[in-house]
Amino acid sequence: MLTVYAPCLNHRLTPQIKDASLAMLCDSGTMNGSATFLAEAQALLGPRGVTLDGELMAPWLTDWRGRYTGRALALASPASTEELSALVRLCALHRVPIVPQGGNSGMSGGATPDASGQAILLSLRRMNAIRAVDADARQATCEAGVVLQTLHEAAGNQGLRFPLTLGGKGSATVGGLISTNAGGTQVLRHGSMRALVLGLEAVLADGSVFSALTPLKKDNRGFDLKQLLIGSEGTLGIVTAATLRLIPAVAGRSVIWAGVPSLQTARALLLHCEDIAGNALEGFEILPGDCLGTVLDYLPGARPPLAGRHEWHALIEVVADAADAELLGERAEALLAAALERGLVEDATIAASEAQAEAFWLLRESISAAERARGPAMQHDISVPIERMPDFVDTAKARIEEDWPGTEAIAYGHLGDGNVHLHVLAPPGSERAAWEAGDGKAISRQVHELVTAWGGSISAEHGIGQLKVDELARLADPVQLAMMRAVKRALDPAGLLNPGKLVTLAPPEGTA
Ligand SMILES: Cc1cc2nc3c(=O)[nH]c(=O)nc-3n(C[C@H](O)[C@H](O)[C@H](O)COP(=O)(O)OP(=O)(O)OC[C@H]3O[C@@H](n4cnc5c(N)ncnc54)[C@H](O)[C@@H]3O)c2cc1C
């Protein structure tokens, strides 16, 4: 029966594409155009480069949080910038939307296609070569699909490090990190991805290649176009490679776990650490006591760092270079002793070994997974000016829990960056989908309004994706939104790059 509908296709498609694609195309009623596109895409990328196998695609069609599941015309996996450029040209010709994807560890549904099945899911994972690690220049040039953990190891082998890390480091790719302008636990000292990208290569919506991999310390030839692409979530171009900043590996680190009575005190402790440790302060994370309990229940064999119960916990990392390494222990002890004397900590411990330091960080890095396993929740990745954060968290928690009886609001994360993850847990027994679509949605709107009123951002480091696209349109400054739309229109006039994410083009005049 299939050959009756598409007699000319049988010899052009590989067996693996043939059956699945024809079934899907018959389903979608768009057989001729899509089939031609798929046949040409396969001719460009070869059998490894395009698949329609439902089983192979399935894990990549749902986001990490399990909130969105989409469909795709095919999963395309080019092996080089040239192949990708040709594929994007073909997509432009056939008007096929493209959803770029790296490790699919994003938190905002940015890498999940919609339910129409019209877009291709574009995986960058095959483009995973580290082209060079230049120890003299302290740079690494990597393709988009390089996994963060792999980059850490490659830099480490040269006595260097890439100073950005996060809980999803085993999956997150360089392209995804750049496209979301990811943050993580070392932003305090080294900045987010934006500060670490020295050069960039990307394929634009018409298939042309933006090539600016060679870093220049000074370059005043107008706009910094690579910065436009960083944080654009695949809506302006597809990152294919980047030159990234490396720094010398640390010679030692002290990792401190401290119990503190309040978030206000945690903020005072942060200032204390900044005053005493200065530039050696690498990370300052906070989590409430209940949140630590959730992680301990989730992680088999995990133990609490401190014996007693505390309202809040701070995880602090101080590092040293070779010249200072010997003094590190003494300095960390002095820092803590002064904090105890000033009443900034109730109890504290310094990791006695590298293994214990890793165990402390594992507790922090497991929060997302532990919270996910706990039950339905609305997650808010928000920032406000650092000095206002303690009052913001207290206010938001009290208001949400009062207005939505049975919910519990918890905040954890990067206090040093003025960025916390404010999760609102559903009342026990709530049915996930119904709660998220009803009360959960209303709660998120309230949180975002509050954040905006406090001068903050509804997305500090996870991006907008599809999760917050409506909220950005609702709450962003109209001038900023108009500028974003103008850029989108200029670089992707047909709206084929990651449609429905981050910024949608305004409806044409007169049709709104
Ligand atoms: C346990 C855990 C902890 C995390 N902790 C943090 C944290 O502390 N801080 C933080 O910032 N993030 C955190 N994340 C989120 C996540 O790791 C980041 O968003 C990461 O940057 C996404 O990388 P990815 O390769 O998985 O991208 P994906 O999830 O595949 O994609 C993310 C977005 O980037 C786009 N994209 C992907 N690759 C490209 C490309 N080559 N070109 C153009 N667009 C592309 C996608 O279309 C999508 O919009 C965490 C995730 C997990 C699972």
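**Cavity and ligand**

Tutor: Strand S16 gives the most to the lining of the largest cavity, with three residues. Strands are DSSP runs of E of at least two residues, helices are runs of H or I of at least four, and both are numbered from the N terminus. This is a predicted model, where local features need pLDDT of at least 70, side-chain atom pairs count only at pLDDT 80 or more, and totals for chains, interfaces and linings use all residues. Residues are numbered from 1 along each chain as its sequence is written, and side-chain values use heavy atoms, with hydrogens and water left out.

Student: Which strands supply at least two residues of that lining?
Tutor: Strand S16 (377-383) and strand S18 (419-425). A lining residue has an atom within 4 Å of a cavity point; on a 1 Å grid over the protein atoms alone, a cavity is a set of points where a 1.4 Å probe fits but cannot get out.

Student: Which residues line the largest cavity?
Tutor: The lining is made of Arg65, Met107, Gln379, His380, Asp381, His421, His423, His462, Leu467 and Lys468.

Student: What is the volume of the largest cavity?
Tutor: About 50 Å³, the volume being the space filled by probe spheres set on the points, which are joined across faces, edges and corners.

Student: Now the ligand. How many residues surround it?
Tutor: The ligand is surrounded by 35 residues, and the closest are Pro100, Gly102, Ser105, Gly106 and Thr173. A residue counts as near if one of its heavy atoms lies within 4 Å.

Student: What lies 2.6 Å from an oxygen atom of the ligand?
Tutor: A backbone N or O atom of Pro100. A side-chain N or O atom of Thr180 is 2.8 Å from an oxygen atom of the ligand, and a polar side-chain atom of Glu461 lies 3.0 Å from a nitrogen atom of the ligand. A polar contact here is a pair of N or O atoms within 3.5 Å.

Student: Which element gives the largest share of the shell?
Tutor: Helix H7, with four residues.

Key:
Polar contact = N/O pair within 3.5 Å; in protein donor to acceptor, adjacent residues only side chain to side chain. 1 Å grid on protein atoms, 1.4 Å probe; cavity = no way out; pocket = protein on both sides within 12 Å on 5 of 7 lines; lining within 4 Å.
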